[in-house]
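Please look over the structure below before reading on. The notes that follow are a briefing, grouped by topic.

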Amino acid sequence: DANGVPVTIGNVPTATSTLSTLTANSFSWAGTFTSPGDTLEYRFYVANKGDFNAALSGTFTSTVTCKINDVVQQTCPVTYTVTKDGTNGFSNGDLLNKGTSQLVVVKAQLDPSYAGSEDTIDLTTTQIVFTYTQSN
């Protein structure tokens, strides 16, 4: 929801998630998937409460890392996207005017065709950092 509380959706409500950190410019999260197609979605707002307009100057998204049967995997059957409204991605130069906010949607999904036999797949803490600079 709009307060940064994780929303769990999917074919069956079997995925769980953890909101590790939500700070001034970063968001860290982790999750557990139990069925192919499970999806985790986080929605939160980035707000410009300053006196100047701001422009996005960079984003950092860490690589997805999975633990299957408590062993870290080199490849992960989970993908995730970061969008500003559920559809459109972020671009350097995107403006965040003073006194406004921007919806951020983070969505992760366990590959619907995944055929592993383990009970759960744990997505280790994944971090997203937004960097804004003053804009004229």
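Over which residues does pLDDT stay under 50, and how many contacts beyond four places in sequence does the model have for them? The stretch is residues 1-13, for which the model has 27 such contacts. This is a predicted model, and where pLDDT is low, the predicted coordinates should not be read in detail.

**Confidence**

- Taken over the protein, the mean pLDDT is 78, and 81% of the residues reach 70 or more.
- Among the elements, strand S1 (residues 7-9) has the lowest mean pLDDT, at 40, whereas strand S9 (residues 95-96) has the highest, at 91.

**Nonpolar core**

- The largest nonpolar core has 24 residues, and Trp-29, Val-106 and Phe-130 are those with the most contacts inside it.
- Two or more residues of this core come from each of strand S3 (26-33), strand S4 (39-47), S6, S8, strand S10 (101-110) and S11.
- Leaving out residues up to four places away in sequence, Val-106 touches Phe-27, Trp-29, Leu-40, Glu-41, Tyr-42, Phe-44, Tyr-80, Thr-81, Val-82 and Ile-128.

**Disulfide**

- The structure holds 1 disulfide, formed by Cys-66 and Cys-76, with their sulfur atoms 1.8 Å apart.
- Cys-66 counts as buried because its relative accessibility is 0%, while Cys-76, at 22% relative accessibility, counts as partly exposed.

**Salt bridges**

- The structure holds 2 salt bridges, and one of them joins the side chains of Arg-43 and Glu-41, with an N to O distance of 2.7 Å.
- In that pair, Glu-41 is buried, with a relative accessible area of 9%, whereas Arg-43 counts as partly exposed at 30% relative accessibility; Glu-41 is also among the residues that Val-106 touches.
- Another salt bridge brings together the side chains of Asp-94 and Lys-84, at 3.0 Å from N to O.
- Asp-94 and Lys-84 both lie in the loop between strand S8 (78-83) and S9, 10 residues apart, and the pair is one that links distant parts of the chain.

**Backbone in the loop between S6 and S7**

- Most residues other than glycine have a negative phi.
- Asn-69 has a positive phi of about 55° although it is not a glycine, and Asn-69 sits in the loop between strand S6 (66-68) and strand S7 (71-72).
- Asp-70, also a residue other than glycine, has a positive phi near 65°, and Asp-70 too is placed in the loop between S6 and S7.
- Are these two residues buried or exposed? Asn-69 counts as exposed because its relative accessibility is 57%, and Asp-70 counts as exposed because its relative accessibility is 66%.

**Ser-135**

- Ser-135 is found in strand S11, which covers residues 121-135.
- With a relative accessible area of 18%, Ser-135 is buried, because the value falls under the 20% cut-off.
- When neighbours within four places in sequence are left aside, Ser-135 is in contact with Asn-53, Ala-54, Ala-55 and Leu-95.

Terms used:
Residues numbered from 1 in each chain as written. Predicted model: local features only at pLDDT ≥ 70, side-chain atom pairs only at ≥ 80, totals over all residues. Heavy atoms only, no water. pLDDT = per-residue confidence, 0-100. Helix = DSSP H or I, 4+ residues; strand = E, 2+ residues; numbered from the N terminus. Contact = heavy atoms within 4.5 Å. Buried < 20%, exposed > 50% of the residue type's maximum accessible area, 1.4 Å probe, protein only. Salt bridge = Lys/Arg side-chain N within 4 Å of Asp/Glu carboxyl O. Disulfide = S-S within 2.5 Å. Core = buried A, V, L, I, M, F, W, Y, C linked by side-chain atoms within 4.5 Å.
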